[in-house]
Amino acid sequence: MNEIIIELEDISPKEFFGEQNTNIELLKKYFPKLKLVARGNKIKAFGDEELLEEFDRRITMLLKHFGKYNKLDENVIERVLTSQSSDDYTTSKQSGEVIVHGVGGKLIKAQTANQRKLVESMRKNDMVFAIGPAGTGKTYTGVALAVQALKNKEVKRIILTRPAVEAGENLGFLPGDLKEKLDPYMQPLYDALRDMIAPEKLAHYIENGTIQIAPLAFMRGRTLDNAFVILDEGQNTTHAQMKMFLTRMGKNAKFLLTGDPGQIDLPRRTVSGLKEALLILKNVDGVGIIFLDDKDVIRHKLVKKVIAAYKSFENVE
């Protein structure tokens, strides 16, 4: 039986191996035909020579990643072990830096490779599409970038919008005025902002129009300049709505459009404006398109399993 020994240099074995060797256990799942033993600052691997070479290559990639980011978790390991090259999971150091210091000193930064790619793309392009399933941090990362731009005086206002499409529920009979009826649609945007801006300041920003949260229909006829604009849940726009929104772009504006093509709540036979826009704009210079996937899910670990289970079920159908 062949054997290789990997020695950890200038790296904490406890952090690299994970609590109770959880990272090593994950490696064992990906290399079930190898015998892996982690002791002290060494990892010993026994098995077929070809498999050992692949294991050595992957461990080297993980060590390089850990050396750069000082962090290793299930998502990172999964992405490194399933990637063709480091281009699939490494990004510039700048993209992994703190985006904004939130309420209570909370450090808000991109946590996964694709979230970091989103940060990079927003720096390079004035219009970016962030596409991926629920929980991948598309909107949260986008709101953080918008707050950063406002704090750095790169823009004068933040505009957050969503199409008011009901996901199988009827909100028309809820009590209250128009704002109160529409607030349930906007709640995820409020939640993100509350993490990043102190309550009194946020209330002031909303009151004086520095931060505007409104349904997509309210954008018609406006020119959105000196603004960081986020269109959330873009998969629920129609052709006309998407075209209307995209042509609102004014001077010194940043547009981020997020969406999950797998969660369309539009009536049957209505084409999603987001899907259409991705096809129309995919080769336009200045437009960035970033795809996030279940490896970027940062909610409860069960969310990732739920997404995978639904994907399998829908593929069978």
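Residues are called buried when their relative accessible area is under 20%, exposed when it is over 50%, and partly exposed in between, as judged with a 1.4 Å probe and protein chains only.

The structure is a predicted model, in which local features need pLDDT of at least 70 and side-chain atom pairs count only at pLDDT 80 or more, while totals for chains, interfaces and linings use all residues. Residues are numbered from 1 along each chain as its sequence is written, and side-chain values use heavy atoms, with hydrogens and water left out.

**Overall picture and confidence**

The protein has 11 helices and 11 strands, where helices (H or I, at least four residues) and strands (E, at least two) are DSSP runs numbered from the N terminus. Of its 317 residues, 48% are buried. Contact means heavy atoms within 4.5 Å, and among contacts between residues at least 6 apart in sequence, 71% join residues at least 24 apart.

The predictor's confidence in each residue is given as pLDDT, from 0 to 100; its mean for the protein is 84, and 87% of the residues reach 70 or more. Confidence is lowest in helix α7 (residues 178–196), with a mean of 75, and highest in strand β6 (residues 127–131), with 97. Over residues 166–171 the pLDDT is below 50, and this stretch has eight contacts in the model beyond near neighbours in sequence.

**Nonpolar cores**

In soluble globular proteins, nonpolar side chains tend to be buried together. A nonpolar core is here a set of buried Ala, Val, Leu, Ile, Met, Phe, Trp, Tyr and Cys residues joined through side-chain atoms within 4.5 Å. The largest such core has 35 residues, and those with the most contacts inside it are Leu-193, Met-196, Ile-211 and Phe-228. Helix α6 (residues 138–151) supplies the largest share of this core, seven residues. A second, separate core of 26 residues includes Phe-16, Leu-26, Val-76 and Leu-81. Apart from its neighbours within four places in sequence, Leu-193 is in contact with Val-143, Val-147, Leu-160, Leu-202, Ile-211 and Ile-213.

**Helices with a buried side**

In helix α10 (residues 273–281), the buried residues are Gly-273, Leu-274, Ala-277, Leu-278 and Leu-281. They cover an arc of only 135° around the axis, and therefore lie on the same side of α10; the arc is that of the directions from the helix axis to the C-beta atoms. These buried residues of α10 pack against β6, α9 (239–246), β10 (254–259) and β11.

In helix α2 (residues 22–30), the buried residues are Asn-23, Ile-24, Leu-26 and Leu-27. Their arc of only 155° around the axis puts them on the same side of α2.

| Residue | Relative accessible area |
|---|---|
| Thr-112 | 7% |
| Asp-294 | 15% |

Thr-112 is placed in the loop between β5 (107–109) and α5 (113–124). Not counting residues up to four places away in sequence, Thr-112 touches Lys-295, Asp-296 and Ile-298. A polar contact of 2.6 Å joins the side chains of Thr-112 and Asp-296.

Asp-294 lies in the loop between β11 (287–291) and α11 (301–316). With residues up to four places away in sequence again left out, Asp-294 touches Pro-133, Lys-304, Ile-307, Ala-308 and Lys-311.

Methods:
A polar contact is a pair of N or O atoms within 3.5 Å; within protein, one must be able to donate a hydrogen and the other to accept it, and residues adjacent in sequence count only if both atoms are side-chain atoms.
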